[in-house]
Amino acid sequence: MLAVCLRYVNDKETARDLMQDGFIKVFTSIDTYTGSGAFEGWLRKIFVNCALEYLRRSDVLRESTDLDNTAELVQPDSNAISDLSAAELMQLVRDLPAGFRTVFNMFAVEGYSHKEISEVLGITESTSRSQYTRAKQWLQKKIKELYE
């Protein structure tokens, strides 16, 4: 669960605090687990929600821009992507600016729709799409820099 928290916050101490908060919520609400669906999925959702609550409180998306302000995507060399280890890729995701990282994780990793992201984070759908597009641009640029 620490890895889940680290995907949303780049600071290990904050991630540990979120993990502790998550386990407290798990232990205080274990009786609400109905047994339908995987326990791991139920558990992960609690930790994701803890991280999202923290990010909402710290207002990570206040510097968001609309989709119209994004540049075109740059395609890195496909060999560069295949040469990346999973650890390197996860480090790049952790290095994303907080707003980009939050939307990227919610959309690409957790499977939320842009509509769901907008409702959870209190932003517009276009801002969610913009943050996701900008996260991909940022990652592509960093991958390209690594292999040039």
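Me: How do you know that the span of helix α8 agrees with its number of residues?
Reply: In this predicted model, α8 covers residues 125-146, which makes 22 residues. At 1.5 Å a residue they should span 32 Å, and the end C-alpha atoms are 32 Å apart, so the two values agree.

Me: Which residues of α8 are buried?
Reply: Among them are T127, S128, Y132, A135, L139 and I143.

Me: Why is Y132 called buried?
Reply: Buried means under 20% relative accessible area. Y132 has 15%, so the residue counts as buried.

Me: What makes F104 and Y132 a stacked aromatic pair?
Reply: Two values decide the matter. Ring centres must lie within 6.5 Å, and planes under 30 degrees apart count as stacked. For F104 and Y132 the centres are 5.8 Å apart and the planes are at 20 degrees, so the pair is stacked. F104 sits in helix α6 and Y132 in helix α8, 28 residues apart, and the pair links distant parts of the chain. F104 is also buried, at 13% relative accessibility. The whole structure has 7 aromatic pairs, and ring pairs join F23, F27 and F47 into a cluster.

Me: Are C5 and C50 buried or exposed?
Reply: Both are buried: C5 has a relative accessible area of 0%, and C50 has 3%.

Me: How do you know that the length of helix α3 is close to what is expected?
Reply: Helix α3 runs over residues 39-58, 20 residues in total. From first to last C-alpha it reaches 29 Å, close to the 28 Å expected at 1.5 Å a residue. Just after α3, D59 takes a positive phi of about 55 degrees.

Me: What covers the buried residues of α3?
Reply: The cover includes α1, α2, α6 and α7. Among the residues buried in α3 are W42, F47, C50 and L52.

Me: Which residues touch the most other members of the largest nonpolar core?
Reply: They are Y8, L52, L96, F104, M106, I117 and L121, out of 32 residues in that core. The elements giving two or more residues to this core are α1, α2, α3, α5, α6, α7 and α8. The largest share, 8 residues, comes from α3.

Methods. Residues are numbered from 1 along each chain as its sequence is written. This is a predicted model: local features need pLDDT of at least 70, side-chain atom pairs count only at pLDDT 80 or more; totals for chains, interfaces and linings use all residues. Side-chain values use heavy atoms; hydrogens and water are left out. Buried means under 20% relative accessible area, exposed over 50%, partly exposed in between (1.4 Å probe, protein chains only). Helices (H or I, at least four residues) and strands (E, at least two) are DSSP runs, numbered from the N terminus. The expected span of a helix is 1.5 Å times one less than its number of residues. Contact means heavy atoms within 4.5 Å. A nonpolar core is a set of buried Ala, Val, Leu, Ile, Met, Phe, Trp, Tyr and Cys residues joined through side-chain atoms within 4.5 Å. Rings of Phe, Tyr and Trp (its six-membered ring) pair if their centres lie within 6.5 Å; planes under 30 degrees apart count as stacked, over 60 as edge-to-face and the rest as tilted.
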